[in-house]
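Student: Could you take me closely through the aromatic pairs in this structure, with the cut-offs behind each term?

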Amino acid sequence: MALLFFLILAFCTGLGLLESSSRTRLVGGRHRCEGRVEVERDGQWGTVCDDGWDKEDVEVVCRELGCGAATGTPSGTLYKPLAEKEQKILIQEVSCRGMESKLIHCEQVEDVFDCSHKEDAGAMCEIPETVRLVGDPGHCKGRVEVKHKEQWGTVCKAGWNLSAAKVVCRQLGCGRAILTKRCCNKDTQGQGPIWLSEVSCSGQEGSLEDCSSGLWGKNNCTHDEDTWVECEDRFDLRLVGGDTNCSGRLEVLHKGEWGSVCDDGWGEKEEKVVCKQLGCGESIFLSAKARRNFGLGAGRIWLDDVHCSGKEQSLEQCRHRFWGHHNCNHKEDVAMTCLQL
């Protein structure tokens, strides 16, 4: 009987019917729903070759990870650190119909023979709405609410600190956390359940769900202790004046207004971060004359003395002066070109 069970087990494994050892994750992205695609096979994590990789495949990855809609099929090489040379490429020629619940249910080839890590697949998905800030017209300021059992509820200030606020701001795609406090007056406090208390975050988590907390709905808080968080507005950037979205004069969005970036201290590391954030390829060196072809900016100069390590996922994570503080004119506007993927 034991021998028969072993033979059945081996047979099922050979057909790929046993999935307990298979998982999928996204690595190196700005949040848990973006990054280089990696799959686990028998305890080993490896990458996916992008031969035939398309939006239907990404849709399945997004569904498996509990993320929102698929928004892009970027190269996995955009996400740092890159896969180690010794890390295996486990599957290639993935072909999903888009309706499968897991990547392992899709057609795929496990005998990878003609791929390198330069062909690693990536995925971009929307972040599911499980946290929000309400009570203020803006998206990035308000009372913290979380979704549980399809119902929104508040978070008690007990145990809460700026590290937890950083996680919320990052999860919402906003800028840096600038304030968290006990909320609220009668007009702005919550009315429904108080879902969480004693939330403890390091500040590095991808979502509030990754932080430790008390049991859902188990606390002795009142709505007078609801939590309020303020983040900088969403950080967005663009290249304007060029032929593509990967070339032009750099502009950043702050307080609903686009403004330029001064080139004091600007270099390869800063351009690397911009190209990555825009979903473009490596930056290309441009002469001063070529940069002037994109024209001069007008209006605000938002950033000056920007310094990046090159590992940041967003220019917002780099050091810079306070917004709007500079000693520049528009002749010093940053202009650049990245390879278009």
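Tutor: What follows looks at the aromatic pairs and at the surroundings of their rings. The model is predicted, so local features need pLDDT of at least 70 and side-chain atom pairs count only at pLDDT 80 or more, while totals for chains, interfaces and linings use all residues. Residues are numbered from 1 along each chain as its sequence is written, and side-chain values use heavy atoms, with hydrogens and water left out.

A search of the whole structure finds 2 aromatic pairs, where rings of Phe, Tyr and Trp (its six-membered ring) pair if their centres lie within 6.5 Å, and planes under 30 degrees apart count as stacked, over 60 as edge-to-face and the rest as tilted. Tryptophan 195 and tryptophan 216 form an edge-to-face pair, 6.3 Å centre to centre with 65° between the planes. Because tryptophan 195 lies in strand β12 (residues 194-196) and tryptophan 216 in the loop between β12 and β13 (227-231), the pair ties together parts that are 21 residues apart in sequence; strands here are DSSP runs (E, at least two residues), numbered from the N terminus. Tryptophan 195 is buried at 12% relative accessibility, whereas tryptophan 216, at 36%, is partly exposed; buried means under 20% relative accessible area, exposed over 50% and partly exposed in between (1.4 Å probe, protein chains only).

Tryptophan 302 and tryptophan 323 also form an edge-to-face pair, 6.0 Å centre to centre with 80° between the planes. This pair links distant parts of the chain, with tryptophan 302 in strand β18 (residues 301-303) and tryptophan 323 in the loop between β18 and β19 (335-338), 21 residues apart. Tryptophan 302 is buried at 4% relative accessible area, and tryptophan 323 is buried at 15%.

Technical notes. Helices (H or I, at least four residues) and strands (E, at least two) are DSSP runs, numbered from the N terminus.
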